[in-house]
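Hi everyone, thanks for coming.

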Amino acid sequence: QGVTWQGVSMQGLLMNSRMVQANFDDLNPETRHLWDGPDGPWDAEANADRFIAMLPVYAAHGLDAVTLNLQGGSPRGYSADQPWHNSAYRADGTLRPDYLARTARILDACDREGLVVILGLYYFGQDQRLADEAAVRRGVDEAVDWLLEGGWTNVVIEIANEVDYPPYDHLILKEARVHELILQARERSSGRLLVSASTRGDGLPPDSMIDAADFILLHGNSVPNADRIREMVAYVESRPVYRGVPIVFNEDDHFDFEDDDCFMKAAVRAGAGWGLFDYRMEGEGFEQGFQSVPTDWGIHSERKRGFFRLLREMTGGR
């Protein structure tokens, strides 16, 4: 509060990082070995512990929020196929207690450090784990009820990640209808939870999403230049249904943090929050990428260091 960077107020911008593998697990015995790390076979609870241990460091650099998802995100960064089974839901939309317990530990830890959690409910490549639309709707209700019972006040909901991306199996999770689930979650929570959904890189939400959402989630992946970041923000603000709610980029894989007009700086100057999406690229070492599994949650790569240096500069840290 009261912090400015280059004349821009940082208040309410929700500077964030995509950390969807913090609660990751894989129920597919054929792919589980893929996530074995330097310290041995894959262990979902140990992975969560390592993430939780780093939260004070992230917060000290000025991080406001992390993005999680009850169906994760690609542990390869980008994936054409997703044979692994990473989902908090059973086929009927009911929730798995083990996945919830691990996620609850993370939500509690984030709350202690003053971090918001942008909690996604569904992810393409995993939404097919639910049998039908009724199961998807049930999953929304179950997740909302679980959050309310937990009493967390640091959680906002992202119904689904990149709803304009074709691989979603269930039509209600796509851009033309996802506003139905946004409204369902808000009604289920009696307005106690803020709810939105995101569009993919360079994608713009339809008016139905802008009208329904409590905040707007954009992605910077595939965006050609910083001017387009500004155009995306201006487009949302120009829509007649826009109600002045916060605009946040909660996924962007453009770095170049030393450049005067990098995407992170462009978003902030446009009055929008910005989020890091960092994955391990081909040939890179273990220290790279918060999105990749197994994950090094330390700040050991130049990309991570660049992000957190600029974040501390913008926010003043804590």
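Let's start with Gly-125, which sits in the loop between strand S5 (116–123) and helix H3 (133–150). Before going further, a word on the source: this is a predicted model, where local features need pLDDT of at least 70, side-chain atom pairs count only at pLDDT 80 or more, and totals for chains, interfaces and linings use all residues. Residues are numbered from 1 along each chain as its sequence is written, and side-chain values use heavy atoms, with hydrogens and water left out. Helices (H or I, at least four residues) and strands (E, at least two) are DSSP runs, numbered from the N terminus.

Is Gly-125 buried or exposed? Gly-125 is buried, with a relative accessible area of 15%; buried means under 20%, exposed over 50%, and partly exposed in between, using a 1.4 Å probe and protein chains only. Now look at Ser-74, which is 51 residues from Gly-125 in sequence and 8.4 Å from Gly-125 in space, C-alpha to C-alpha. Ser-74 belongs to the loop between strand S4 (65–69) and H2, and at 1% relative accessibility Ser-74 is buried too. Setting aside neighbours within four places in sequence, Ser-74 is in contact (heavy atoms within 4.5 Å) with Gln-21, Ser-79, Trp-84, Tyr-123 and Gln-291.

On to the helices. Two packed helices are described by the angle between their axes and the distance between the axes. Here, helix H1 (residues 44–60) and helix H2 (residues 97–112) pack at about 5 degrees, with axes 10 Å apart. The axes are lines fitted to C-alpha atoms, for helices over the stretch in contact, and angles run from 0 to 180 degrees between N-to-C directions. H1 and H2 are therefore roughly parallel; angles under 35 degrees count as that, over 145 as roughly antiparallel, 65 to 115 as roughly perpendicular, and the rest as oblique. From H1, the contact includes Phe-51, Ile-52 and Leu-55, and from H2 it includes Arg-102, Arg-105 and Ile-106. The contact residues divide into eight nonpolar, no polar and four charged. In these classes, Ala, Val, Leu, Ile, Met, Phe, Trp, Tyr, Cys and Pro are nonpolar, Asp, Glu, Lys and Arg are charged, and the others, Gly among them, are polar.

Next, the backbone. Which peptide bond is cis? The bond from Val-293 to Pro-294 is, with omega near 0 degrees, and Pro-294 lies in the loop between strand S11 (275–276) and helix H8 (302–315). Ser-222 is not a glycine, yet has a positive phi of about 70 degrees. You'll find Ser-222 in the loop between S9 and helix H6 (226–238), exposed at a relative accessible area of 60%. Asp-256 also has a positive phi, near 50 degrees. Asp-256 is in the loop between strand S10 (247–251) and helix H7 (263–269), and at 54% relative accessibility Asp-256 counts as exposed.

Last stop: which residues line the largest cavity? They are Ile-182, Ser-196, Ala-197, Pro-205, Met-209, Ile-210, Ala-213, Phe-215, Ile-216 and Leu-217. By class, that lining has nine nonpolar, one polar and no charged residues. Helix H5 (207–212) and strand S9 (216–219) each supply at least two of the lining residues. On a 1 Å grid over the protein atoms alone, a cavity is a set of points where a 1.4 Å probe fits but cannot get out, and lining residues have an atom within 4 Å of a point.

Technical notes:
1 Å grid on protein atoms, 1.4 Å probe; cavity = no way out; pocket = protein on both sides within 12 Å on 5 of 7 lines; lining within 4 Å.
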